[in-house]
Amino acid sequence: MHPAKVRRDRLQALTDLPNVGPAFAADLRLLGIDSPQQLAGKDAYSLYRQLCDITQVRQDPCVLDTLMSMTDFIAGNPARTWWQYTAERKQKWPSL
């Protein structure tokens, strides 16, 4: 869902999260995440590595940006577009 449309009081499905559509929701299910609340306390980079391991594919770095946007939102911060996390990701994990 586009971050501008996200409502905290309506977080029931994975697609209610910022930047998550059906395909990304399927990726989250591969990680054992079936509801937005299950992202609480999760580390975006750990989720990214797990997804790479499960799929046996090095996921695009924008996947990590999207995971960062979701975990940051669940931690109580405003919903933001995934690309607003790119600079932070490049600073923290320059090898990606």
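Trainee: Is Leu-39 buried or exposed?

Mentor: The model is predicted, so local features need pLDDT of at least 70 and side-chain atom pairs pLDDT 80 or more, while totals for chains, interfaces and linings use all residues. Residues are numbered from 1 along each chain as its sequence is written, and side-chain values use heavy atoms, without hydrogens and water. Buried means under 20% relative accessible area, exposed over 50%, partly exposed in between (1.4 Å probe, protein chains only). Leu-39 has 1% relative accessibility and is therefore buried.

Trainee: Where does Leu-39 lie, and what is it in contact with?

Mentor: Leu-39 lies in the loop between helix 1 and helix 2 (44-55); helices are DSSP runs (H or I, at least four residues), numbered from the N terminus. Contact means heavy atoms within 4.5 Å. Beyond neighbours within four places in sequence, the contacts of Leu-39 include Leu-17, Met-70 and Ile-74.

Trainee: Which residues of helix 1 are buried?

Mentor: An α-helix has 3.6 residues a turn, so residues three or four places apart point the same way. In helix 1 (residues 22-30), the buried residues are Phe-24, Ala-25 and Leu-28. They lie on the same side of helix 1 because they cover an arc of only 105 degrees around the axis, taken from the directions from the helix axis to the C-beta atoms. These buried residues pack against helix 3 (61-74).

Trainee: What joins the side chains of Arg-89 and Asp-65?

Mentor: A polar contact of 2.7 Å. The term covers a pair of N or O atoms within 3.5 Å; within protein, one must be able to donate a hydrogen and the other to accept it, and residues adjacent in sequence count only if both atoms are side-chain atoms. Arg-89 is in helix 4 (residues 86-92) and is buried, at 6% relative accessible area.

Methods. Helix = DSSP H or I, 4+ residues; strand = E, 2+ residues; numbered from the N terminus.
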